[in-house]
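Good morning. I will go through a few features of this structure, and you can follow along on the screen.

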Amino acid sequence: MASVVVVGAQWGDEGKGKIVDWLSERADVIARFQGGHNAGHTLVIDGEVYKLSLLPSGIVRRGKLSVIGNGVVLDPWALIEEIERLRGQGVEVTPDTLMIAENAPLILPVHGELDRAREAQTGVAKIGTTGRGIGPAYEDKVGRRVVRVADLADSATLQARVDRLLVHHDALRRGLGLDPVDREALVARLEEIAPRILPFARPVWRELDHARRAGKRILFEGAQGALLDIDFGTYPFVTSSNTMAGMAATGTGLGPGAIDFVLGIVKAYTTRVGEGPFPTELDDADGQRLGERGHEFGTVTGRQRRCGWFDAVLVRQTCAASGVNGIALTKLDVLDGFERLAICTGYRLDGRTLDYLPTAADAQARVEPVYEWMEGWQESTAGARSWADLPAAAVKYVRRVEELIRCPVALLSTSPEREDTILVTDPFAG
């Protein structure tokens, strides 16, 4: 019996999809514990490409139970669309393979409208969100006015929840120059989608407790990355939920004592989508080369990712905050062919040297990276499945990363194909 939490240890886009899929073959239950459909990942299985946003990676594997926990904000229309798309690829999604927490909050059309209206403003309101309503839905959850999955089962309760919600939203909309929400149309849409969502609704906390007591292996899957955490990320350029490993407990209802191993997914260089500080960002040929070779475009948005050298300071920080036991290092092959590689080992700020990223936004924007340069390698690492397949300089790079982040490599990924993985420590075996 073992429970493993997988978290991104940078700004997201670290290659979690492949690693979670690789681990899901060994798991019985795969549970998503935070985020919404603003984050996506791509799986490549036997040449077939699956693009997922809300559904856990295990959904494409037979005999696995996939779970959407209460920490996720759920757009029911986006979920049904994703289910139908997978069915078109031959993947059947039924209440036997998918379970949704009854207390999961719903993203409604009003949330997306509010999100996009704010982003359309210039100045202080713009933070680079995807405009899918994730932030406003989390706001309503904390404000105790959100509609939850269980509310769809009773018309009177649903209408009361909508009324409470609209008292708040209509006031906001007036300030943004938007028309009031059509209440009857919103209720009608929710009542129409309810029969398609409710068959999946379950008390997830209870089901996971039963699964653990029965000796099932549970894999907890996060979205985005630790540097987008609402508390520990580069605030305010963050997501609206906690992306650290601790959220696996509160986002599903299974206590923290059930977590046996935390695996941090780390890209061999650094990328970021959207606004916000990025100390090692490269606006030169090296940065362009990383983006082109790494195909750095968002799965959901298609936005080009900003690219830079590996930042060991940030990864060391996020590994500590998430209690990471080992990392999965991905996209090492993107570094093939560079004559020299840089790793950020510290920051300079106002004449001082720092070994962490400061909290203040102004300081985050002004830190300058301190680089350590290493010899690159000209041989290919793509598809390597053992340490012996790697050039000596590549092994040296990986070992230096381990030293600087104070965390060992558990898995090394050398291509998008799931088989191209070097296993050092099986997270399910400890």
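This is a predicted model: local features need pLDDT of at least 70, side-chain atom pairs count only at pLDDT 80 or more; totals for chains, interfaces and linings use all residues.

The axes of helix α3, residues 109-120, and helix α4, residues 134-142, cross at roughly 120° and come within 7 Å. On the α3 side, the contact is made by H111, L114, D115 and R118. On the α4 side, I134, P136, A137, E139 and D140 take part. Sorted by class, the contact of α3 with α4 has four nonpolar, one polar and four charged residues.

Two packed helices are described by the angle between their axes and the distance between the axes.

Stay with α3 and look at its other partner here, helix α5, residues 155-175. What is the angle between α3 and α5, and how far apart are their axes? The angle is about 25°, and the axes are 11 Å apart. So α3 is roughly parallel to α5, because angles under 35 degrees count as roughly parallel. The crossing of α3 and α5 is left-handed. From α3, the residues V110, H111, E113, L114 and R118 meet L165, H169, L172 and R173 of α5. By class, the residues in the contact of α3 with α5 divide into four nonpolar, two polar and three charged.

The next pair is helix α2, residues 76-88, and helix α6, residues 183-197. Their axes are 10 Å apart and the packing angle is about 45°, which means that α2 is oblique to α6. Is the crossing of α2 and α6 left-handed or right-handed? α2 passes α6 in a left-handed crossing. In α2 the residues involved are P76, W77, L79, I80 and E84. They meet R189, L190, I193, R196 and I197 in α6. The contact of α2 with α6 has seven nonpolar, no polar and three charged residues.

Next, empty space. Rolling a probe the size of a water molecule over the atoms shows where empty space is left. How many cavities of 30 Å³ or more does a search of the whole structure find? The search finds one. The largest cavity has a volume of about 30 Å³. Its lining consists of G17, K18, D21, T42, L43, V44, I45, P416 and R418. The elements that give two or more residues to this lining are α1, residues 16-24, and β3, residues 41-45. β3 supplies the largest share of the lining, four residues. By class, the lining of the largest cavity has four nonpolar, two polar and three charged residues.

Last, the backbone. Most residues other than glycine have a negative phi, and most peptide bonds are trans. P236 lies in the loop between β8, residues 218-221, and α8, residues 247-250. Q224 is found in the loop between β8 and α8 too. Although Q224 is not a glycine, its phi is positive, at about 55°.

That is the end of the tour.

Notes
Residues are numbered from 1 along each chain as its sequence is written. Side-chain values use heavy atoms; hydrogens and water are left out. Axes are lines fitted to C-alpha atoms, for helices over the stretch in contact, and angles run from 0 to 180 degrees between N-to-C directions. Angles under 35 degrees count as roughly parallel, over 145 as roughly antiparallel, 65 to 115 as roughly perpendicular and the rest as oblique. A crossing is left-handed if the near helix is turned anticlockwise from the far one by less than a right angle, and right-handed if clockwise. Contact means heavy atoms within 4.5 Å. Ala, Val, Leu, Ile, Met, Phe, Trp, Tyr, Cys and Pro count as nonpolar, Asp, Glu, Lys and Arg as charged, and the others, Gly among them, as polar. On a 1 Å grid over the protein atoms alone, a cavity is a set of points where a 1.4 Å probe fits but cannot get out, and a pocket is an open set with protein on both sides within 12 Å along at least five of seven lines; lining residues have an atom within 4 Å of a point. Grid points are joined across faces, edges and corners, and a volume is the space filled by probe spheres set on the points.
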